Amino acid sequence: MGAPRPSAALFGGTFDPLHNGHLRMAIEVKEALRLPRVVLLPAHHPPHKPRQPLSEAGHRLAMASAAVAQLSGFEVSDMEVRHEGPSYSLTTVREFSRAEPGVDWVFVMGADSFAEISTWHRYEELLAACDTVLLPRHGTPLTPSPPAGLRIEKEEPHCYSWTGESYRLPEGRRLYCPSLPALDISSRSIREKVRSGQCIRGLVPPEVEEYIAGHGLYLGAREEGRP
Ligand code: ATP
């Protein structure tokens with residue numbers, strides 16, 4: 001029968017703001033893996049992603065919470081934003097595992113994040129701490145390319161209904177790659193649209209659209225770097 005099936009997901013991100021790409025993917029993963037719970041984890045400040053100052057944690061938490069308020073099985077944790085300093089996913093996974101030892105956590109990340117995982121704090125330990133789900137991301141190949149030295153082996157589909165591929169990681173953990181269409185939405189594109197006065201309807205949940213307008217978020221100067 002293989003490894004135990006995950007019973008809850010941790011989905012970390014800056015969520016500045018949470019958008020429909022995040023939300024739709026989280027729902028798909030919940031259903032594909034038949035998870036009773038998905039916990040969204042707004043990050044304090046991800047060390048692998050230095051960029052312009054993030055919106056206040058309170059705003060990012062409020063938007064994520066409003067987006068999932070009516071969705072059963074979804075919750076938002078302030079664990080990472082409560083800690084001063086950078087957020088390390090490894091620390092977070094360990095804290096959740098300690099707090100709820102009966103839960104088999106699975107960590108969710110975009111394929112673009114996995115492509116850069118070697119820049120993450122002690123990433124081998126993170127991949128050994130729990131199973132991982134990769135979300136398809138526009139512009140990143142679907143087949144995961146692991147960092148040099150990390151061996152992954154494709155495995156046969158397992159016991160429950162599953163469309164997608166899965167791989168074995170060195171410590172016996174799984175890397176799930178559900179077959180889902182990529183949704184080309186990013187937080188940055190939302191921020192840019194708001195800044196230039198464009199409509200973001202359909203790209204973010206209505207509660208998030210309302211929150212952004214109500215609090216005047218993302219009206220500052222253009223961001224540097226990639227378009
Ligand atoms: P930004 O544009 O500010 O860099 P983002 O849209 O990538 O942000 P994050 O909050 O950084 O959003 O993303 C959290 C996690 O969700 C990351 O692992 C990221 O790869 C993944 N993710 C974000 N958007 C999507 C999407 N449209 N489809 C699949 N995964 C996504």
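User: What do "buried" and "strand" mean when I look at this structure?

Analyst: Buried means under 20% relative accessible area, exposed means over 50%, and partly exposed lies in between (1.4 Å probe, protein chains only). Helices (H or I, at least four residues) and strands (E, at least two) are DSSP runs, numbered from the N terminus. This is a predicted model, where local features need pLDDT of at least 70, side-chain atom pairs count only at pLDDT 80 or more, and totals for chains, interfaces and linings use all residues. Residues are numbered from 1 along each chain as its sequence is written, and side-chain values use heavy atoms, with hydrogens and water left out.

User: Which way do the side chains of E5 point?

Analyst: In a regular strand the side chains alternate between the two faces of the sheet. Here Asp131, Val133 and Leu135 point one way, while Thr132 and Leu134 point the other way.

User: How do I read strand pairing?

Analyst: Strands of a sheet pair through backbone hydrogen bonds, either parallel or antiparallel. Two strands count as paired if DSSP finds at least two bridges between them. E5 pairs in the parallel sense with E4 (residues 105-110) over five bridges, and Met109 stands opposite Leu134 there. E5 also pairs in the parallel sense with E8 (residues 174-178), over two bridges, with Thr132 opposite Leu175.

User: What is the strand order of the whole sheet?

Analyst: The order is E3-E2-E1-E4-E5-E8-E7-E6, an open sheet of eight strands with mixed pairing. Its edge strands, E3 (74-76) and E6 (153-155), each pair on one side only. On average, neighbouring strands are turned by 25 degrees against each other, direction ignored. For such angles, axes are lines fitted to C-alpha atoms, for helices over the stretch in contact, and angles run from 0 to 180 degrees between N-to-C directions.

User: Which strands does helix H4 touch?

Analyst: First, E1 (residues 8-13) and E4 pair in the parallel sense over four bridges. Helix H4 (residues 89-99) packs on the sheet and touches E1, E2 and E4, its direction making about 155 degrees with that of E4. Contact means heavy atoms within 4.5 Å.

User: Is Leu126 buried or exposed?

Analyst: Leu126 lies in helix H6 (residues 123-129). Leu126 counts as buried because its relative accessible area is 3%. Leaving aside neighbours within four places in sequence, its contacts are Ser89, Leu90, Val93, Phe107, Ile117 and Trp120.
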